[in-house]
Every structure is written in structure tokens, then in C-alpha cells.
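Welcome! Please take a look at the protein below, and then let's walk through its surface, a pocket and a few residues together.

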Amino acid sequence: MTSPAIAIDPFDTIEKAARLMLSNKMSGVPVVTSQGQLVGILTEGDLLRRSELGTEGMRSWLGTLLQSPGRAAAEYVRTHGRTVGDVMTAEPIAIAATSPVEDAVDEMVHHHVKRLPVLDGARLVGILSRADILRALLQVLTPQESTTDDDSIRAAILEEYRNEPRWAGPSFINVQVHNGVVELSGAIFDSRLRTAARVAAENVKGVESVIDHLVFVEPMTGTTMPI
């Protein structure tokens, strides 16, 4: 996560918020009271529908007729309000500082959000963005010096196949390794297994490259198909 998080007060103007977001290249900023309580988040999306730009959006006559006075009033505030508190998204999705990354990703995907305020109790301590997730991924993907021997590589690949019975179980994949180069052979009955078998092998530490000798057999006729 990024810590400390840049935040803004609900009583600040949207002009100040827009300048803050642009100067820091942020697409969203958490809204925090003077007591440190997270009360909302202001995103670029909250500022798209504005009276100053003429982008409030037009309603059909039927939509206008069916809209309640309260809903119309709330919509007016969001498109005409001058303070952050008037236009922010209240009660934002947040995550505890002790939560695993898996939970954070689940929340981002489920709620279609790009960032999560990170809380220690009720106090904002940072913000986790999709860019932070990508940086963590890059660290994992960066190649490290490896001294893994061929037998260990082969054992790790076979173990990965055993851990994926949904697709690796019905296949007959043979694995040979020489100086970090993996050769896959045998018969598969679904062409998509070829890619999965290669990816599983490539992800094992110490693998230099993967050579595919797998043969696709059409399950209904037993016909051997070319690569």
C-alpha cells in the first residue's frame, strides 16, 4: 500500500480536491475528518456530472416524472455541490491493514473499484491501489538466481500437475528436464491442456524454457491431431 495516504477534508472545495488529484496523478482520494475518521472517497467519476460543464445528464420525461423529490434533490447536490462532502461517495469500501492481499483483490474485483482505503481500526493508514498490486506482482515475477537441479524441477512440475486434477488429472503428460530445459510429451484430449501444461512448467523456479512434444488425440474418434 501507499502510506501515509494523501487525503482531503469533507469541507474542502472540489476545486482543491481536483487540483490535489491532478498534481499527484490520483484518480481518487480518501475523505477524512479532522479527527482522522474515514467518511468517503472522491473519485474522478464523482466529478464527471457537473453543472459547470453541462454534463449533468438528461432524463427522459418519463424518468423525470417517476423520480422522487428526494432523489432529484440528491442528484442536484451531486452535480452542483461545491464541497467534497457534498459530492463524494460515502461509506467507501475499505480494508483492514492486517488483511491478506487476496481479500483486497476480491474486494476490488467484486465492487469494481481501483483503490481501497486501508484502516487500522477506524484510522486511515494508507491506500491500496491496483498499481500497488502490480508492483507486488512484478517483484514476484522478477527472475531470481536459481541453483535448482533438474530432478527438483521435474518433481515440482509433477507436483503442480497433481495439484490441478481438474485439468491435469485425465491427461498423460511426461516430463523430462535437462539443464533447466523442460520437455513435455504424451497424449492430451483437450487442446487447451497444452497451454496449461506449459504455463505450469514455466512457473516452476529454475525452468529456462519448455519444449512441447504433446500430442492431441481427438477423444471421440481417437484421431491424432497435428500440433
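The accessible surface of this protein comes to about 14800 Å², and 57% of that area belongs to carbon and sulfur atoms. Accessible areas come from the Shrake-Rupley method with a 1.4 Å probe, and for residues only the protein chains shown count as cover. You are looking at a predicted model, in which local features need pLDDT of at least 70 and side-chain atom pairs count only at pLDDT 80 or more, while totals for chains, interfaces and linings use all residues. Residues are numbered from 1 along each chain as its sequence is written, and side-chain values use heavy atoms, with hydrogens and water left out.

**The overall picture**

- The protein has eight helices and 10 strands; these are DSSP runs numbered from the N terminus, with helices being H or I of at least four residues and strands being E of at least two.
- Of the 227 residues, 31% count as buried (buried means under 20% relative accessible area, exposed over 50%, and partly exposed in between, with a 1.4 Å probe and protein chains only).
- Take the contacts (heavy atoms within 4.5 Å) between residues at least 6 apart in sequence: 52% of them join residues at least 24 apart.

**The second largest pocket**

- This pocket has a volume of about 320 Å³.
- Here is how a pocket is found: on a 1 Å grid over the protein atoms alone, it is an open set of points with protein on both sides within 12 Å along at least five of seven lines, whereas a cavity is a set of points where a 1.4 Å probe fits but cannot get out.
- Grid points are joined across faces, edges and corners, and the volume is the space filled by probe spheres set on the points.
- Its lining is made up of 17 residues, and T2, K25, M26, I127 and S129 lie nearest the centre (lining residues have an atom within 4 Å of a point).
- The elements giving two or more residues to this lining are β6 (123–129) and α6 (130–141), and α6 gives the most, with four residues.
- By type, the lining residues divide into six nonpolar, five polar and six charged (Ala, Val, Leu, Ile, Met, Phe, Trp, Tyr, Cys and Pro are nonpolar; Asp, Glu, Lys and Arg are charged; the others, Gly among them, are polar).

**An aromatic pair**

- Rings of Phe, Tyr and Trp (its six-membered ring) pair if their centres lie within 6.5 Å; planes under 30 degrees apart count as stacked, over 60 as edge-to-face and the rest as tilted.
- By this rule there is one aromatic pair.
- Y161 and W167 form that pair, which is edge-to-face, at 5.9 Å centre to centre and with 75 degrees between the planes.
- Y161 counts as buried because its relative accessible area is 7%.

**Residues in loops**

- E91 lies in the loop between β3 (89–90) and β4 (95–96), and has a positive phi of about 50 degrees although it is not a glycine.
- E91 counts as exposed, because its relative accessibility is 72%.
- N179 sits in the loop between β7 (172–178) and β8 (181–188); its phi is near 55 degrees, a positive value in a residue other than glycine.
- N179 is exposed too, at 59% relative accessibility.
- T33 is in the loop between β1 (28–32) and β2 (38–43), and counts as buried at 19% relative accessibility.
- Leaving aside residues up to four places away in sequence, T33 touches D9, P10 and V39.

**A residue in a strand**

- S209 is found in strand β9 (residues 209–217) and is partly exposed, with a relative accessible area of 31%.
- Not counting residues up to four places away in sequence, S209 touches G180, V181 and V182.
- S209 and E183 are 26 residues apart along the chain, with 8.7 Å separating their C-alpha atoms.
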